[in-house]
2 protein chains.
Amino acid sequence: MDSSFYKFVLASSEEHKKRCLPSISIDCVIFGFHKNQLKILLLNAYDSNEWGLPGGYVGKEEDIDYSANRILEERTGAKNIYLSQFKTFGKTNRSESFFDKFPDDLWHKQRFISIGYYALIDYENVSPVKDEFSELCEWKNIDDTPTLMMDHQVIFNKALEQLRVDLNYKPVGHNLLPEKFTMPELQKLYEVILGKKLNRGNFYRKMKRFGILNKLDETRKGGAHKAPDLYSFNQENYNNALNYGFQEIW
Amino acid sequence: MDSSFYKFVLASSEEHKKRCLPSISIDCVIFGFHKNQLKILLLNAYDSNEWGLPGGYVGKEEDIDYSANRILEERTGAKNIYLSQFKTFGKTNRSESFFDKFPDDLWHKQRFISIGYYALIDYENVSPVKDEFSELCEWKNIDDTPTLMMDHQVIFNKALEQLRVDLNYKPVGHNLLPEKFTMPELQKLYEVILGKKLNRGNFYRKMKRFGILNKLDETRKGGAHKAPDLYSFNQENYNNALNYGFQEIW
């Protein structure tokens, strides 16, 4: 490890002690979707070959949702993205071997309880930015991720599981599809996230029942087949469902 | 405030500084069900008339799930109860007015991020025990709760909302129903939690599809009507669904 990096980490430690709440960190699982591919944003740690999730700490004056949004924006430039807090991770043994060579009172070496958030964005619209402890910040395919450091694999798995469960009662698609889209395009998005084929009739009925789609008075021209119907999201119902869930029919 | 309580709080503060992680608390929303009534366990704070949720802190050597279970057991004596972590609350202004008269370096006056857990137990099987800051620990009817301190109303509302959403993809009923139960008894449990009537045919079909019920070769004798079929939970499928959710059919 070069000495300038060592000094930088010590200074960062002092800075965090002043500015941040102790014992609490945030990890962001940032899913990226574009043209039927689902990816995840990962960082490669400086001077090691370990991959991990983008994360950070909570400023003493920050709401935790604000901190999560700040971290997302720092890594991607993306603003106003819906972040879903999905679980807080607090096992005693989730330690950070990356800082083994540093003094024990280093900020980054304390025990952290980490609050997990996930986001789903169009990866073509953003540019990953590495943090000060990393050499790389890159999109990796969801089914071909490298081994992750600490308990980040557990956090990632839980986020993917929760995203898939959330599809049952929260809407998805805004910012990932064009403003006007076809039902097959929406179905493809769900299939990519769920990692499986869906029945077309079931999907159509279920989506209609959710009440988040406006059927438009136009079709998409230009294909060889019958021009498919176009839809847009009913933004009010979409936002309601995002915040309160679909009202499932028991 | 009497001086012995004041001294007790100062001593408690020193004790917590030694034993617990700073900045992190746990709040438990403990739902109690019995004979078609849903209640919630609340504490009435010492020397004030404020009601709040049972809560506590995370020992330096404790996993957070362990801490939540410990708090649940301390307040109810109940062990091996499924606790569901549902959200972490971290707004900057969730302060504790109860400790206003104490010094600023009191443990209990720092800013806490609180991890919310909910549990659902049979309230006839447990005996509420108040903590050292409270005068009462009581079950209150869900639709007739007193005003809650701090952001506890927000935490309680979110827990109830999440419990209701969870009914869509997690099983409920173990420990709340007798070992052998009828479909109407199970439906009644869902209706009490959801706060609304359900369609009998839909309920029956949906429950069957979840695959968590064993239909028994016996019926309940003794009523005036046709003896109803009895069911028990398929414990393996039940536990799988509890941990991973029902595999919804899209």
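Modeller: The domain assignment, which is automatic or taken from a database, divides chain A into domain 1 (3-153) and domain 2 (183-244). Before going further, the model is a predicted one, in which local features need pLDDT of at least 70 and side-chain atom pairs count only at pLDDT 80 or more, while totals for chains, interfaces and linings use all residues. Residues are numbered from 1 along each chain as its sequence is written, chains are lettered from A and ligands numbered from 1 in the order in which they are written, and side-chain values use heavy atoms, with hydrogens and water left out.

The C-alpha centres of domain 1 of chain A and domain 2 of chain A are 33 Å apart. Six residues of domain 1 of chain A and five residues of domain 2 of chain A make the contact, where contact means heavy atoms within 4.5 Å. The size of an interface is often given as the accessible area lost when the parts come together. For domain 1 of chain A and domain 2 of chain A the buried area is about 540 Å², with 81% of it on carbon and sulfur atoms; buried area is the accessible area (1.4 Å probe) that two parts lose on being put together, summed over both. On the side of domain 1 of chain A, the residues that lose the most area to domain 2 of chain A are A:Phe33, A:Asn36 and A:Tyr82, which together give 71% of what that side buries.

One residue pair is in polar contact across the interface of domain 1 of chain A and domain 2 of chain A, with both residues at pLDDT 80 or more. A polar contact is a pair of N or O atoms within 3.5 Å; within protein, one must be able to donate a hydrogen and the other to accept it, and residues adjacent in sequence count only if both atoms are side-chain atoms. The side of domain 1 of chain A that touches domain 2 of chain A consists of four nonpolar, two polar and no charged residues. Here Ala, Val, Leu, Ile, Met, Phe, Trp, Tyr, Cys and Pro count as nonpolar, Asp, Glu, Lys and Arg as charged, and the others, Gly among them, as polar.

Salt bridges do occur elsewhere: over all chains the count comes to 26. One of them joins A:Asp27 to A:Arg94, with the closest N and O atoms 3.6 Å apart. A:Asp27 belongs to strand S1 (residues 20-34) of chain A and A:Arg94 to the loop between strand S5 (83-89) and strand S6 (113-122) of chain A, so the pair ties together parts that are 67 residues apart in sequence. Strands (E, at least two residues) and helices (H or I, at least four) are DSSP runs, numbered from the N terminus. Both A:Asp27 and A:Arg94 are buried; buried means under 20% relative accessible area, exposed over 50% and partly exposed in between (1.4 Å probe, protein chains only).

Another salt bridge links the side chains of A:Arg70 and A:Glu74, at 3.3 Å from N to O. These two, A:Arg70 and A:Glu74, are four residues apart in helix H2 (residues 64-76) of chain A and are thus separated by about one helical turn. A:Arg70 is partly exposed at 22% relative accessibility, and A:Glu74 is partly exposed at 37%.

The contact between the chains takes 42 residues from chain B and 42 residues from chain A. The area buried between chain B and chain A is about 3300 Å², with 57% from carbon and sulfur atoms. Salt bridges across the interface of chain B and chain A number zero, while 13 residue pairs are in polar contact there, both residues at pLDDT 80 or more. Among the elements that give two or more residues to the side of chain B that touches chain A are strand S1 (20-34), helix H3 (152-166) and helix H5 (200-210) of chain B. H5(B) gives the largest share of that side, five residues. The side of chain B that touches chain A divides into 20 nonpolar, 11 polar and 11 charged residues.

How values were computed:
Salt bridge = Lys/Arg side-chain N within 4 Å of Asp/Glu carboxyl O.
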